[in-house]
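Good morning, and thank you for joining this meeting.

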Amino acid sequence: MTNHDPAHAGWFADILPDDADSATAAIAEGTTDQPRHWPEIAVESGFAADVDDYYDRLHKATLDATRTAVAEHERADDRQLVHAIRSLDDCERTANELAERAAEWAGGLFADVDAGIEGAREVATYEPNTAAERRAVSLATRVVDLADEAEAIREFIERTAPAVAPNLAAMAGPVLASRLIALAGGLEALAKKPSGTVQVLGAEDALFAHLEGHAPSPKHGIIFTHEYVRETRPADRGSAARALAGKLTIAARIDHYSGDHREGVHEDLRDRIATIRARAEDDEDGAEGDR
Amino acid sequence: MSAGSPLPVGVERRTVAGEETLATRGEPVYGEPTDGDWRAWNASRSKLGAMFEHGMETGLAGGDRVLYLGAAAGTTVSHVADFAGPTYAVEFAPRPTRDLLDVAQSRDRLFPLLKDARSPETYAHVVESDLDAIVQDVATRGQADVAVRNAQFLADDGRLVAAIKARSEDVTADPEAVFDRAVDRLGDAYEVLDRRRLEPYHEDHLAVIATPR
Ligand SMILES: C[S@@+](CC[C@H](N)C(=O)[O-])C[C@H]1O[C@@H](n2cnc3c(N)ncnc32)[C@H](O)[C@@H]1O
């Protein structure tokens, strides 16, 4: 929206003095061909009472606009994480499937072929002598490339997640943090979910079965992979999952709305898990079950 | 070392935490030593600070209206805002800009902008004309070009106060050759008044003072 008419070219043109949203948009998106004496023009046009008042308004507007723009860029990074985690899963799954196929093929041509990615790594170094061997070795080479790509994506996630969501990544680890963001559809969406939903993210199938009346309600979704849940005795896993989901939700909110690391929420969670696990030691007469 | 021109009003040479240093008055920003309201300005962390240490005539007098290009997290621009008047701070990387916001929060005439300095039309509707100075420290390829494109913001007698980092232009070339090329390009919009290297504070950096032609 380039505007060449001096009276309408400033960021404050056509907006009411107290309309913060329009001011933010005008600063972020406006363009014009050349600078002018904006403070004086703003006073003449009645936007500001005097030059000092103009600068006060400009200060507030640039802080608001720049804060919003920074948050938007960081949100854009959360979309890169979503692509990355989905690609990681696809690369790993495909690499494993193809590794199985390659091992089966190469096993009929060479002696001592191991299964899995490591087996494919070995086969990829063989010198083929026939057309069939060439294909089997080539297939193993693709498996290795896919596995290496998965590793490179994992490194990208490990570098990116702490910048996008410092508290969530510290609490869940970069990979689980990215899975939660992907399952929710972005950091903002995750920050707005109630903790009961975060607790069962990734267990949608089990949840639907429960809602249709033929299954118990799931106690945890993807957060089961977190050691705080997995390494807690089965009777207390529901409590551990609830505690973890509650703090993950808070971590996602801090990351979305402020972005600084807050040690308090991490300490709270450690205390809470320690208390839950202490029950196992107290229960000499057997587990009292999960409530 | 400081035989040259006077410092701008608001910048003083003082003893802070037992060391003689440049200092300005304002909220501390990056854990720098302080003495009352005065905060040490470390020339090894700031190209502009190094120019003052070398006694260069920057034209900055105190209370100036300034456009700062390449503000990063606000280390140097915080000192500029302490002694200057309205100060527009342009930075294009989101992460350091988040810290710059904190610096601007406590300085009511420091205006942070998340913009690309190669595209002045994206902030010409915010930054006013006839400024007293452009302070530039972008350290990316095309530094002289950035200065040329932004000349439109300066008053006729305004000053460009720029740091040119040789390695940002060409890692392999001889720094002096890189500097000559940059100064040559500046000639498209400026008359160069002074140039000197910033050793020992910053290696392979050239400071240039210029005025629009
Ligand atoms: C050497 S640092 C600046 C340090 C800062 N001047 C100080 O002393 O506190 C260079 C900064 O310029 C920024 N930068 C590089 N090219 C830019 C451009 N085209 N527009 C805006 N900022 C740019 C970089 O993101 C980086 O933060």
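**Ligand site and backbone geometry**

Leaving aside residues up to four places away in sequence, Thr75(B) is in contact with Tyr30(B) and Arg45(B). Please bear in mind throughout that this is a predicted model. Thr75(B) belongs to helix α2 of chain B, which spans residues 75–83, and Thr76(B) is placed in helix α2 of chain B as well.

Under "binding site", an unreviewed UniProt entry lists Thr75(B), Thr76(B), Glu91(B), Phe92(B), Asp116(B), Ala117(B), Asp137(B), Val138(B), Ala139(B) and Thr140(B). From this set, Thr76(B) and Asp137(B) contribute to the lining of the largest cavity.

Let me turn to the ligand itself. How many residues surround the ligand, and which are the closest? The surrounding residues number 19, and the closest are Tyr68(B), Thr76(B), Glu91(B), Asp116(B) and Ala117(B). Sorted by class, this shell comprises 8 nonpolar, 4 polar and 7 charged residues.

Which atoms of the protein lie 3.0 Å from a nitrogen atom of the ligand? One is a polar backbone atom of Gly70(B), 3.0 Å from a ligand nitrogen. Another is a polar side-chain atom of Asp137(B), again with 3.0 Å to a nitrogen atom of the ligand. On its own, the ligand has 600 Å² of accessible area, and the protein covers 86% of it.

I close with two points of backbone geometry. In general, most residues other than glycine have a negative phi, and most peptide bonds are trans. Asp14(A), although not a glycine, has a positive phi of about 60°; this residue sits in the loop between α1 (6–9) and α2 (20–29) of chain A. In chain B, Glu199(B) and Pro200(B) are joined by a cis peptide bond, with omega about 5°. Pro200(B) is located in the loop between β10 (190–197) and β11 (205–212) of chain B.

Technical notes
Residues numbered from 1 in each chain as written. Chains lettered and ligands numbered in written order. Predicted model: local features only at pLDDT ≥ 70, side-chain atom pairs only at ≥ 80, totals over all residues. Heavy atoms only, no water. Near = heavy atom within 4 Å. Polar contact = N/O pair within 3.5 Å; in protein donor to acceptor, adjacent residues only side chain to side chain. Areas by Shrake-Rupley, 256 points an atom, 1.4 Å probe, with all protein chains shown as cover. Nonpolar A, V, L, I, M, F, W, Y, C, P; charged D, E, K, R; others polar. UniProt positions renumbered as here; feature names shortened; annotations may be inferred. 1 Å grid on protein atoms, 1.4 Å probe; cavity = no way out; pocket = protein on both sides within 12 Å on 5 of 7 lines; lining within 4 Å. Helix = DSSP H or I, 4+ residues; strand = E, 2+ residues; numbered from the N terminus. Contact = heavy atoms within 4.5 Å.
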